[in-house]
Amino acid sequence: CLVKCYILWIKKQQQDVMGFLAANKIEYEECDIAANEANRKWMRENVPEESRPATGNPLPPQIFNEEKYCGNYEAFFDAREDNAVYAFLGLTAPPGSKEAEAQAKKAQQ
């Protein structure tokens with residue numbers, strides 16, 4: 001069960017990220033690293049050294065905005081909890097969003 005459960009856990013994280021992006025109408029491209037060796041190689045080469053695990057390779061989901069590395073699922077989750085996903089993704093928060101309101105409040109302080 002360990003391997004199967006681990007794969008399901010990764011799949012759930014991927015669905016969580018893609019569901020958030022779709023619900024917020026943020027365009028994204030899913031890159032399959034299981035069936036595409038070039039995608040797998042690109043991901044592994046482009047995760048910064050300081051963000052890699054101590055042993056082994058970085059596991060999905062790894063989130064990029066074009067060529068810029070944003071972070072892994074844990075960083076995405078933290079950003080979502082802090083209403084800072086747009087900043088995490090390197091995007092401007094849409095007017096009226098919780099994140100835009102939080103940024104405006106922070107700028108006033």
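Predicted model: local features only at pLDDT ≥ 70, side-chain atom pairs only at ≥ 80, totals over all residues.
**View 1. Glu99, a buried residue in helix H5**. Start with Glu99, which sits in helix H5, the stretch running over residues 98–108. This residue is buried, yet it has no salt bridge. A salt bridge would need a side-chain nitrogen of Lys or Arg within 4 Å of a carboxyl oxygen, and the nearest side chain of opposite charge, Lys106, is 9.4 Å away. So who does Glu99 touch? Setting aside neighbours within four places in sequence, Glu99 is in contact with Asn83, Ala84, Val85, Tyr86, Ala87 and Ala93.

**View 2. The largest pocket and its lining**. Next up is a pocket with a volume of about 1,200 Å³, the largest one. Its lining is made of 36 residues, and Glu29, Glu30, Cys31, Gln62 and Ile63 lie nearest the centre. Helix H1 (2–23), helix H2 (37–46) and strand E1 (62–65) are the elements that each give two or more residues to this lining. H1 provides the largest share, with eight residues. Sort the lining of the largest pocket by class and you get 22 nonpolar, five polar and nine charged residues.

**View 3. The second largest pocket and its lining**. Here the volume is about 150 Å³. The second largest pocket is lined by 16 residues, with Leu59, Pro60, Gln62, Asn72 and Glu74 lying nearest its centre. At least two lining residues each come from H1 and helix H3 (73–81), and H1 gives the most, with four residues. By class, the lining of the second largest pocket splits into nine nonpolar, five polar and two charged residues.

Key:
Residues numbered from 1 in each chain as written. Heavy atoms only, no water. Buried < 20%, exposed > 50% of the residue type's maximum accessible area, 1.4 Å probe, protein only. Lys, Arg positive; Asp, Glu negative; His and termini not counted. Contact = heavy atoms within 4.5 Å. 1 Å grid on protein atoms, 1.4 Å probe; cavity = no way out; pocket = protein on both sides within 12 Å on 5 of 7 lines; lining within 4 Å. Points joined across faces, edges and corners; volume = space filled by probe spheres on them. Nonpolar A, V, L, I, M, F, W, Y, C, P; charged D, E, K, R; others polar.
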